[in-house]
Amino acid sequence: MKKFVHVAVGVIFDSAPENVSAGKSKILIAKRADHQHQGGLWEFPGGKVELGESIQVALQRELEEELGLQSSADDMQPLISIPFHYPDKSVLLDVWAVYNATEFLKTDDIELFDFKDSKLVGKEGQPLVWVEHSELANYEFPAANKAIIDALLLPPKIAISQDSNNPDIILSQVANTLKNHSNIWIQLRAPSLGQLQYTQLAMKLYGICHEAGSKLIWNCPLEWYQVAFADGLHLSNKNSLNSGLDTANERPIPANQWLSMACHNLTELEVAQNIADYVLVSPVHETTTHPQANALTWSGFKVITDQARIPCYALGGVTMSESQTCIQFGGQGIAGIRCFMADEKNITRKNNES
Ligand SMILES: Nc1nc2c([nH]c(=O)n2[C@@H]2O[C@H](COP(=O)(O)OP(=O)(O)OP(=O)(O)O)[C@@H](O)[C@H]2O)c(=O)[nH]1
């Protein structure tokens, strides 16, 4: 039988959550010894959860043993949990963000600095480096870590545009959302528009999103997708079915673009996590547009996040006030239309007033 290990993993930030979301923070990574499983690759520090230990206690113990880092439970927040099967071993990585580490871990700490090589090393002699988010791509990690790195790059909020047959209304809506929210990506969903109108609108929005430090995810048939004006593609059930992607094993877009899929149950999750980077799980609550759909509730959402090895967003009647609940139930963040976008009537009224 394959060996199974439950691992507590810490993504250690040198500063507070506000600085992390503003992109002004560094992350500590360590190199695994050659003789270890996945040896020679970089990792986020951590180790096995011992019998009867909580994840937080295990992580605090491992970080103390490996780095001399004394972390406070108040500075820890769940990031993602990843069940992953290597050919020789199955792991459950329980990954937590650990903030304010430099308050406890001095980079010039004599114990952690190898003066001979002028390098930072851990207590077990493992090389350590503080890196920016954008530098993570330059290091080679075990396969299970792709989802951790994705979770670090993905935002806490995804605003989905409200459908309209008037592209100008959608454009104003999105601009408004970007004005009112930071750290948010836009998914352009506009089933009432034809291909030409959709493409023209998406091209305009791509510039607007990038100017605001956001990203634009297209939600349209695969054939409409234009790599040069998009950061990624979201495949609804209908669009993935129409393109034969509901059973696919191959990504339909390049690896450096984001791919998300709709997910309503564990069967859809299995299909999605073969090719997508993240899923939008719905409906968490009953909504006015889908009153007949059976709501998952937060506990049903957790059934899915527990099985997911990619980040999961909560969609369907979820409000901003539930952001922390979403994280506690294993979610990456919140996706929605109404919770971020002003509705069409207000936009029309505002446009008429100005
Ligand atoms: N700490 C840590 N482990 C990871 C990461 N990614 C990942 O796949 N793992 C896997 O999770 C397991 C961690 O177990 P561990 O560190 O306690 O044990 P080990 O096998 O490395 O060595 P050991 O048995 O000698 O202690 C390893 O199989 C490792 O390959 C990561 O980012 N950090």
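Gln257 touches Tyr225, Val227, Ala230, Asp231, Gly232, Arg251 and Asp277, leaving out residues up to four places away in sequence. Touching, or contact, means heavy atoms within 4.5 Å. Gln257 sits in the loop between α6 (237-242) and β14 (258-263). Helices here are DSSP runs of H or I with at least four residues, strands are runs of E with at least two, and both are numbered from the N terminus. Is Gln257 buried or exposed? Gln257 counts as buried, at 9% relative accessibility. Buried means under 20% relative accessible area, exposed means over 50%, and partly exposed lies in between (1.4 Å probe, protein chains only).

This is a predicted model: local features need pLDDT of at least 70, side-chain atom pairs count only at pLDDT 80 or more, and totals for chains, interfaces and linings use all residues. Residues are numbered from 1 along each chain as its sequence is written, and side-chain values use heavy atoms, with hydrogens and water left out.

## The cores

The largest nonpolar core has 47 residues. Tyr198 and Trp218 have the most contacts inside it. Helix α5 (residues 195-211) gives the most to this core, with 5 residues. A second, separate core has 29 residues, among them Phe13, Phe44, Tyr86 and Val91. A nonpolar core is a set of buried Ala, Val, Leu, Ile, Met, Phe, Trp, Tyr and Cys residues joined through side-chain atoms within 4.5 Å. In soluble globular proteins, nonpolar side chains tend to be buried together.

What does Trp218 touch? Its contacts include Leu188, Tyr198, Thr199 and Ala202. Trp224, Tyr225, Gln226 and Phe229 are also among the contacts of Trp218.

## The ligand

How many residues surround the ligand? There are 18, and the closest are Arg32, His37, Phe44, Tyr86 and Asn145. A residue is near a molecule if one of its heavy atoms lies within 4 Å of it. Strands β1 (3-13), β4 (46-48) and β6 (89-98) each supply at least two residues of the shell around the ligand.

The table lists polar contacts, which are pairs of N or O atoms within 3.5 Å; within protein, one must be able to donate a hydrogen and the other to accept it, and residues adjacent in sequence count only if both atoms are side-chain atoms.

| Residue | Protein atom | Ligand atom and distance |
|---|---|---|
| Gln36 | N or O, side chain | oxygen, 3.3 Å |
| His37 | N or O, side chain | oxygen, 2.6 Å |
| Phe44 | N or O, backbone | nitrogen, 2.7 Å |

The protein covers 82% of the 620 Å² of accessible area that the ligand has on its own. Accessible areas come from the Shrake-Rupley method with a 1.4 Å probe; for residues, only the protein chains shown count as cover.

## Cysteines

A disulfide is a covalent bond between the sulfur atoms of two cysteines. Here a disulfide is counted as a pair of cysteine sulfur atoms within 2.5 Å. By this rule the count is 0.

Cys220 is buried, at 1% relative accessibility. For Cys263, the closest cysteine sulfur is in Cys312, at 6.7 Å, which is also too far for a bond. Cys263 is buried too, with a relative accessible area of 0%.

## Backbone details

Most residues other than glycine have a negative phi, and most peptide bonds are trans. The peptide bond from Ser282 to Pro283 is cis, with omega near -10 degrees. Pro283 is in the loop between β15 (278-281) and α8 (297-307).

Asn183 is not a glycine, yet its phi is positive, near 55 degrees. Asn183 lies in the loop between α4 (167-180) and β11 (184-189). It is partly exposed, with a relative accessible area of 32%. Thr297 is not a glycine either, and its phi is positive at about 65 degrees. Thr297 belongs to helix α8. Its relative accessible area is 38%, so Thr297 is partly exposed.

## Across the chain

Ile337 lies in the loop between β17 (333-336) and α10 (344-353). Ile337 is buried, with a relative accessible area of 18%. Leaving aside neighbours within four places in sequence, Ile337 is in contact with Ile160, Ser161 and Gln162. Ile337 and Gln187 are 150 residues apart along the chain, but their C-alpha atoms are separated by 9.4 Å.
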